[in-house]
Amino acid sequence: MDAYTTNEPIYALATPYAPSAIAIVRTSGDGVINLIANVFSRKEKLIKAKSNTLVHGCLVDQAGDSVDEVVLAVYREGHGYTGEEAIEINAHGSLTGLKRIFSLLESIGIKQAKKGEFTYRAFMHGRLDLTQAEAVEELISSKSVRGQASALERLEGGLKSRLLKIKSSLVEMLASLEVQLDYAEDEILEDWVMPREEINNIIKALEEMIRTYSAGTIYREGAKIVLAGSTNAGKSSLFNLLTKEDRAIVSPIAGTTRDYIEAYTTIMDIPVRLFDTAGLRDSDDVIESEGIKRSERLIDESDLVILLISPGEEEHITWKTKTIVVKSKNDLEKRDGLAISTLSGEGIGALIERIHEELLNGCDNSESGAISIDSERQRDLLVKLVEMLRFILSNENESVDIMALFFQSALSILGEITGEVTNEEILDTLFSKFCLGK
Ligand SMILES: Nc1nc2c(c(=O)[nH]1)N(C=O)[C@@H](CNc1ccc(C(=O)N[C@@H](CCC(=O)O)C(=O)O)cc1)CN2
Ligand SMILES: Nc1nc2c(ncn2[C@@H]2O[C@H](COP(=O)(O)OP(=O)(O)OP(=O)(O)O)[C@@H](O)[C@H]2O)c(=O)[nH]1
Ligand SMILES: [Mg+2]
């Protein structure tokens, strides 16, 4: 891929390419206002337009034919999303009309943007730091209210401001070390003392952020849950109940489900891929045996197994995957522990809560007010930063100049998270994952 640029005039469709009431074509770069004014019916008005205002008129091609009636949003340099001079064309959402607008823009020297190029420019002009830029894409692709809200919080600078606070603490520590370096022989200065408590508090805050990553992942990517148990245990009945559909065949005949079936559902806002499997038993039937083999493979690959135990049956767990043991058909025989009946609905609420709890086990559920993170890149760097800080704590007796180097590397890891310290290659990979027009 060609490298991203800044300030060159670019355009992209910011809304889906489909017939719609209105479509927005974004442009950005030096001179776009004058360039577009040359193909606009109210040239003078556009050239004189103040920043952040709207101008209504017609786009007109070189032959003088009207291309579309539009509203232009005008941004002067230093304003708007990218911080560059920009015009957003609010056009009619006609595919042919849009094609004409694209060729008109090309004809006046405005080139099609690359994926993520607008956000790249917003970053390069300091409108967003890297945690905010990543939040843009996370926001667009979020699938739950919770994921959307947490991405928005990061976009608004929630993570950025916390990292800046940590940065200023570390900078202060480094400064106090550098004072020692400058006056090493001066006896007026007291020896440098490691600010243990402060560093430990920073580590605690960072670890809280790291824990939110796994919870975030589960809300974003969902979990794979397998219903297992011996034949006739009631797996298909529970599958239908949890997916609120009548997908799986239920019958009193043991061995009804031969191959697994899957459906998407949510368990308390967590997206779940739920699998109903063939009952586990020794079987001479070739098809059924293959079904059972597949069930076992599925169990190995899943995040959670719900093992149903019929009345009178012994518990039999033989696999490593996290498992919730549930006694089924509780209406026939009352038993202790987590017990359900798909007939009466008894225990289903408790089971759902238990599944939710298991899926979030070990993750921070973010009720604590911790800012949550959604990017593997950020998570890895936060882990690296915690390691560096622990390393600093365990090297109390190092000389002041070595200690200063340690603090500098901690600061440089922090800078990588926010994008202050970075390189083209990282930026290219990061922004190229964005959608077109962003
Ligand atoms: N039309 C449009 N809608 C959009 C965007 C956009 O770029 N264009 N956004 C893109 O993702 C989001 C909003 N982001 C934006 C960020 C800054 C400014 C802007 O013009 N800022 C003003 C200051 C406004 C203020 O004072 O609050 C400025 O810079 O002058 C506009 C949109 C969502 N909606
Ligand atoms: N009394 C009672 N019967 C149930 C309950 N759940 C399921 N059954 C009945 O038990 C039988 C087997 O149910 P299924 O859901 O097909 O069981 P399964 O585990 O999918 O069975 P296989 O697919 O053969 O492995 C059916 O006749 C159901 O109506 C329950 O909670 N109470
Ligand atoms: Mg079944």
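Guide: A term before anything else: on a 1 Å grid over the protein atoms alone, a cavity is a set of points where a 1.4 Å probe fits but cannot get out, whereas a pocket is an open set with protein on both sides within 12 Å along at least five of seven lines, and lining residues have an atom within 4 Å of a point. Grid points are joined across faces, edges and corners, and a volume is the space filled by probe spheres set on the points. The model is predicted, with local features needing pLDDT of at least 70 and side-chain atom pairs counting only at pLDDT 80 or more, while totals for chains, interfaces and linings use all residues. Residues are numbered from 1 along each chain as its sequence is written, chains are lettered from A and ligands numbered from 1 in the order in which they are written, and side-chain values use heavy atoms, with hydrogens and water left out.

Visitor: What lines the largest cavity?
Guide: Its lining consists of Arg26, Thr27, Tyr75, Tyr81, Thr82, Ala86, Glu88 and Phe118. The strands β2 (20-28) and β5 (86-93) each supply at least two of the lining residues, strands here being DSSP runs of E with at least two residues and helices runs of H or I with at least four, numbered from the N terminus.

Visitor: And which residues surround ligand 1?
Guide: Arg26, Tyr75, Tyr81 and Glu88 are among them, as are Asn52, His79, Gly80, Arg127 and Lys438, where a residue counts if one of its heavy atoms lies within 4 Å.

Visitor: What about ligand 2, which residues are closest?
Guide: Of the 22 residues that surround ligand 2, the closest are Lys235, Ser237, Gly255, Thr256 and Thr342. A nitrogen atom of ligand 2 is 2.8 Å from a side-chain N or O atom of Thr342, and an oxygen atom of the ligand is 2.8 Å from a polar backbone atom of Gly255. For ligand 2, the protein covers 89% of the 660 Å² of accessible area that the ligand has on its own.

Visitor: Which residues does UniProt list for "binding site"?
Guide: The unreviewed entry lists Asn232, Ser251, Ile253 and Thr256, though such annotations may be inferred rather than shown by experiment. They are spread over 25 residues of sequence yet cluster in space, with a largest C-alpha distance of 8.0 Å, and the lining of the second largest pocket includes these residues. Asn232 lies in the loop between β7 (223-229) and α9 (235-243).

Visitor: Changing topic, where does the largest share of the lining of the largest pocket come from?
Guide: It comes from α8, with seven residues. The pocket holds about 700 Å³ of space, and of its 35 lining residues, Glu138, Arg154, Arg220, Asp374 and Ser375 lie nearest its centre.

Terms used: Polar contact = N/O pair within 3.5 Å; in protein donor to acceptor, adjacent residues only side chain to side chain. Areas by Shrake-Rupley, 256 points an atom, 1.4 Å probe, with all protein chains shown as cover.
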